[in-house]
Amino acid sequence: MKSQILNFISEMRSSYWYTPLMMLVMAVLLATLTISLDEMHLFEKFGKLGWLIGGNPDGARSFLSTIATAMITIASVTFSMTLLAVTFAGSQIGPRLTTNFMRDRANQLTLGFFISAFLYCLLILRSIVQNNTQDMIELHHELLYMPQVSLLIALFLAVTGLIVLVCYIHHVPNSINMSNVVSSVGTSLFNQVDTRFPCNVGEGSENAEINIPPDYHQHLKTIPSNSFGYIRILDSNVLIELAKEHDCVLQLESDIGDFITINTPLLLIYSSKPVPDELIRQCQNAYALGNKRNQEQDLDFLVNELIEIIARALSPGVNDPFTAINAFDWLHLFLNRIGECPQPSRARKDTEGQVRLLTPFKDIAYYAEMIFTHTRLYVCKDYMTTKHVLNILQQLSIQAKEENAMIFDGHAQALRHDAEVAMKNMSFVAFL
């Protein structure tokens, strides 16, 4: 259940409906509060500031109507600018990177602010019209209702709206700047290294060898998936608690980010007693699936985003080696950090020191293969990028441990070979 909640929160963070909707609710509550204060006539002295908010109902209505019209107009403009940025991201940077723009808190807050200010003005305008009716005219003396506090808040929202608009206009070109896009993905990738799976799951085992007691092999059972999609969230700590409760050992067969179908093996249970159906159901609920991958626990997803940026930047239609070099710099930082961190044990223990969960682990060799092999086809055709990547591989080889240095040396040799072949082919084509 916790994994489902975390998945729902992740979906809300990458949506344009949740934050604006919450701000609309806050606008209703704010309007209710200010109207209640005005009906108590505690702040009538604000009425003396006629130059600030107007001193009669007609002026107040005109004042609120002007603000409401301006707010909803600006909201439509900001929404159009946001869609333009998302469209640009999808066509120029990559469709997977549109999620980063959807998660941009500044875009969500800006849209929410303007529509909330619009709704607030409408509610205050309704209170003025409702309270200044013929029923309130007594003995030819018109009792004028003036929501002084509400009008002052509306003026504050209008002034704040101008500041928000200026900041948003500054934010939009920055958000689609390639250097900022790359740095945003790279920063997220670097920050998740220390908490990558399975570092944050239970306690690591100091023993490199994983020995499962023989009696636990008596009831070996595979837990299949009951749904399909990408594994977005995995609550591994719940799996450890379940394994401790039922005195068994669980082995992950599907990793975070994998696409699974119905009946795909999720877990392998080692148990000395029959496995109850309730345990199978609870283990299946520890997985949250979706129709697309996300960056909450999936390092591969962030690495693939940078790889996609490199591939698009080095494509013949774009031919932007500087963006590719920028992305490689962040991948260099990521690999350097991976090499510095101690390799976590794939055997995770409970609080009593008993191994309960066996997990896959992706080491520096896996990510080096993923990055340099997948990009070599694009890099080898560009001299500037090839030279930069070879320099990165040389630095990684010097900084890495002895057993990892050979990995980067091998990728450097493969890149040199492919670059030489590419240059010969280009020379031959030019000769023809």
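Angles under 35 degrees count as roughly parallel, over 145 as roughly antiparallel, 65 to 115 as roughly perpendicular and the rest as oblique. Axes here are lines fitted to C-alpha atoms, for helices over the stretch in contact, and the angles run from 0 to 180 degrees between N-to-C directions.

## About the model

This is a predicted model, in which local features need pLDDT of at least 70 and side-chain atom pairs count only at pLDDT 80 or more, while totals for chains, interfaces and linings use all residues. Residues are numbered from 1 along each chain as its sequence is written, and side-chain values use heavy atoms, with hydrogens and water left out.

Helices (H or I, at least four residues) and strands (E, at least two) are DSSP runs, numbered from the N terminus.

## Helix H12 beside H8

Let's start with helix H8 (residues 178-191), which packs with H12 at an angle of about 10°, their axes 10 Å apart. H8 and H12 are therefore roughly parallel to each other. In this contact (heavy atoms within 4.5 Å), the H8 residues include Met 178, Val 182 and Phe 190, and those of H12 include Ala 327, Trp 330 and Arg 337.

By class, the residues of the H8 contact with H12 are nine nonpolar, six polar and one charged. Here Ala, Val, Leu, Ile, Met, Phe, Trp, Tyr, Cys and Pro count as nonpolar, Asp, Glu, Lys and Arg as charged, and the others, Gly among them, as polar.

## Helix H12 beside H13

H12 also packs with helix H13 (residues 364-379), at an angle of about 160° and with the axes 10 Å apart. H12 and H13 are therefore roughly antiparallel to each other. Among the residues that meet are Phe 328, Leu 335 and Ile 338 in H12, and Tyr 367, Ile 371 and Phe 372 in H13. The contact of H12 with H13 has eleven nonpolar, two polar and no charged residues.

## His 332 in H12

You will find His 332 in helix H12 (residues 321-340). His 332 counts as buried because its relative accessibility is 14%; buried means under 20% relative accessible area, exposed over 50%, and partly exposed in between (1.4 Å probe, protein chains only). Not counting residues up to four places away in sequence, His 332 touches Ile 392, Gln 395, Leu 396 and Gln 399.

## Strand E8 and its partners

Now for a strand: six of the seven residues of E8 (residues 265-271) are buried. Strand E4 (residues 219-224) pairs with E8 in the antiparallel sense over six bridges, pairing being called when DSSP finds at least two bridges between two strands. Lys 221 stands opposite Ile 269 in E8.

Strand E6 (residues 248-252) runs antiparallel to E8 as well, joined to E8 by five bridges. Val 249 stands opposite Tyr 270 in E8.
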